Amino acid sequence: MILTVLQYIACALTILVGAYSLFSPTSAGKFTGLTPVGGRGITEIRVVLGMFFIALGAYPIIFPSDTAFHMLGFAYLLVGIARLISIFVDKSSEQSNWISVASEFVLGAILLF
């Protein structure tokens with residue numbers, strides 16, 4: 001029961017991150033270190049970091065199944081692994097990157113179990 005609630009919270013957090021990026025792309029860009037160039041860059045932040053995250057978080061809520069929650073959890077874990085590797089390869093050991101990687105591993109684990 002508690003795990004199920006945590007899974008729905010993980011989905012809601014995913015949606016909130018997406019909504020933040022969709023409605024405040026410049027601020028989201030500052031957190032991520034992305035600098036959008038012109039309207040096209042802002043559109044990409046709105047779409048990829050915004051609506052894509054909203055869709056990923058909403059799907060398991062709208063169509064609840066173990067597979068839907070696991071898909072999102074697997075995605076978080078793979079993103080976390082890629083980010084962890086990138087922190088060392090790209091020498092990007094910044095606080096926001098460590099916060100993101102920790103969040104991705106925690107959310108991934110919650111959604112996979």
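User: Which residues does S92 touch, leaving out those up to four places away in sequence?
Analyst: This is a predicted model, and in it S92 touches S86, I87 and N97 once residues up to four places away in sequence are not counted.

User: And where does S92 sit, and is it buried or exposed?
Analyst: S92 lies in the loop between α4 and α5, and it counts as buried because its relative accessibility is 13%, which falls under the 20% cut-off.

User: What's the backbone doing at K91?
Analyst: K91 follows α4 and has a positive phi, near 55 degrees.

User: OK, the helix itself: how many residues does α4 have, and what length does it reach?
Analyst: Helix α4 covers residues 66–89, which makes 24 residues, and from its first C-alpha to its last it reaches 34 Å, close to the 34 Å expected at 1.5 Å a residue.

User: Which of its residues are buried, and what covers them?
Analyst: The buried residues of α4 are A68, F69, L72, G73, Y76, G80 and I87, and what covers them includes α1 (2–23), α3 (38–62) and α5 (95–112).

User: Why would several of those be spaced by three or four?
Analyst: As a general point, an α-helix has 3.6 residues a turn, so residues three or four places apart point the same way.

User: What's in the largest nonpolar core?
Analyst: That core has seven residues, namely A10, C11, F69, L72, Y76, L107 and L111; α1, α4 and α5 each supply at least two of its residues, with α4 giving the most, at three.

User: Follow-up on Y76: what is it in contact with?
Analyst: Leaving aside neighbours within four places in sequence, Y76 is in contact with T14, F53, E104, L107, G108 and L111.

User: Switching to rings, how many aromatic pairs are there?
Analyst: The count comes to three aromatic pairs, and one of them is formed by Y8 and F69, which are edge-to-face at 5.2 Å centre to centre with 75 degrees between the planes. This pair links distant parts of the chain, since Y8 belongs to helix α1 and F69 to helix α4, 61 residues apart.

User: What about Y59 and F63?
Analyst: Y59 and F63 form a tilted pair, 4.9 Å centre to centre and 40 degrees between the planes; Y59 is partly exposed at 44% relative accessibility, and F63 is partly exposed with a relative accessible area of 47%.

How values were computed:
Residues are numbered from 1 along each chain as its sequence is written. This is a predicted model: local features need pLDDT of at least 70, side-chain atom pairs count only at pLDDT 80 or more; totals for chains, interfaces and linings use all residues. Side-chain values use heavy atoms; hydrogens and water are left out. Helices (H or I, at least four residues) and strands (E, at least two) are DSSP runs, numbered from the N terminus. The expected span of a helix is 1.5 Å times one less than its number of residues. Buried means under 20% relative accessible area, exposed over 50%, partly exposed in between (1.4 Å probe, protein chains only). Contact means heavy atoms within 4.5 Å. Rings of Phe, Tyr and Trp (its six-membered ring) pair if their centres lie within 6.5 Å; planes under 30 degrees apart count as stacked, over 60 as edge-to-face and the rest as tilted. A nonpolar core is a set of buried Ala, Val, Leu, Ile, Met, Phe, Trp, Tyr and Cys residues joined through side-chain atoms within 4.5 Å.
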